[in-house]
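Let's take a walk through the charged pairs and the metal site of this one. Have the model open and follow along.

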Amino acid sequence: MGSNRDLGRNELREEERYAIADFLDGIPALAESAGFSPRVYGEIDGHPLLCLTRETDRPEVLYLSAGIHGDEPAGPKAIEQLLRERALREEVGWVVFPLLNPGGLRRGSRENPEGIDLNRDYQVQRAAETRAHRALLEAEDWSLAASLALHEDWEARGPYLYEHNPDRQPHPCRLLLETLGAHGPVEDGPEIDGWPTAGPGLIHPPSEIELRTEWPEQLFLLSRFTRMSYTLETPSALPFLRRVACAADCVRSFACLHRWESPPAA
Ligand SMILES: [Zn+2]
């Protein structure tokens, strides 16, 4: 991906800072009140690594994660808000990772405390955060209808989306782009982050994990646990609470499976 963006922003404005310990302390009770089972699957820098699950009698399970980059604080806050509002749709099952990189978020750095970009680490697994996450995924062997990762881009002006849907299944892509558009113009142009765009605010990067040596979280999921993956990027330049609202709305739309649409015939 784009080399500048891979450097990250590595600083947070005052309005974007929140107490990580308080945030993580509050998540389990919020999760339980929303019908989720919280569990701790590791500890980093004195902070728990949290996974929240909620099963239903339906087979569809959605995966949601945030905070793999510590200089992207809106995603974890969006998940907290959705739990507080009990807004994670009840008709589907959920596997939720509200903050994958607590040490990075505490420092305001893209990388973990050892300087490792976790979102390039799913093959080599240099970081304890990645090893714990991968071990849990492999132990549970979840079969996921789709995954959504909440990210932020310090160079973008508008929000945008990465989509992996190699089997051309019914998908939430248009719904997600409409949701983003309601929060302002999506990122546009022939290229975003070094990738050619498939339409305004939309990137279809290669889905073959063997083409990559530094596996990101979503490609790892795509290789084993799901056949549809989405990554939301909100622009760091927007006010913090607007990014939180945009990400939360995106998650709400993502879970409206009855509104997913079939791709046009090839
Ligand atoms: Zn990111």
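Which residues are linked in a network of salt bridges? In this predicted model, the network joins Arg13, Glu15, Glu16, Glu152 and Arg243. A search over the whole structure turns up 19 salt bridges. As a general point, side chains of opposite charge can pair when their charged atoms come close.

| Residue with N | Residue with O | N to O distance |
|---|---|---|
| Arginine 252 | Glutamate 85 | 2.6 Å |
| Arginine 110 | Aspartate 117 | 2.9 Å |
| Arginine 174 | Glutamate 261 | 2.9 Å |

Start with the bridge between glutamate 85 and arginine 252, at 2.6 Å. Glutamate 85 sits in the loop between α3 (74-84) and β4 (93-97), while arginine 252 belongs to helix α8 (residues 240-254), so this pair ties together parts that are 167 residues apart in sequence.

Next up is arginine 174 with glutamate 261, where the closest N and O atoms are 2.9 Å apart. Arginine 174 is in helix α6 (residues 173-181) and glutamate 261 is in the segment after α8, so here the parts being tied together are 87 residues apart in sequence. Glutamate 261 is partly exposed, with 26% relative accessible area.

What about aspartate 117 and arginine 110: buried or exposed? Aspartate 117 and arginine 110 are both buried, and their side chains meet in a salt bridge at 2.9 Å, N to O.

Now for the metal. Which atoms coordinate the zinc ion? The donors are ND1 of His69, two OE atoms of Glu72 and ND1 of His151, at 2.1 to 2.3 Å. Along the chain, these donors follow the spacing H-x2-E-x78-H. Histidine 69 lies in the loop between β3 (61-66) and α3, and histidine 151 in strand β5 (residues 146-153), so the two histidines tie together parts that are 82 residues apart in sequence. Both histidine 69 and histidine 151 are buried.

Why does the zinc site count as irregular? The angles among its four donor atoms run from 58 to 148 degrees.

Terms used
Residues numbered from 1 in each chain as written. Predicted model: local features only at pLDDT ≥ 70, side-chain atom pairs only at ≥ 80, totals over all residues. Heavy atoms only, no water. Salt bridge = Lys/Arg side-chain N within 4 Å of Asp/Glu carboxyl O. Helix = DSSP H or I, 4+ residues; strand = E, 2+ residues; numbered from the N terminus. Buried < 20%, exposed > 50% of the residue type's maximum accessible area, 1.4 Å probe, protein only. Donors = N, O, S within 2.8 Å, 3.2 Å for Na, K, Ca; no water. Tetrahedral: all angles 85-135°; square planar, octahedral: opposite > 155°, others 65-115°.
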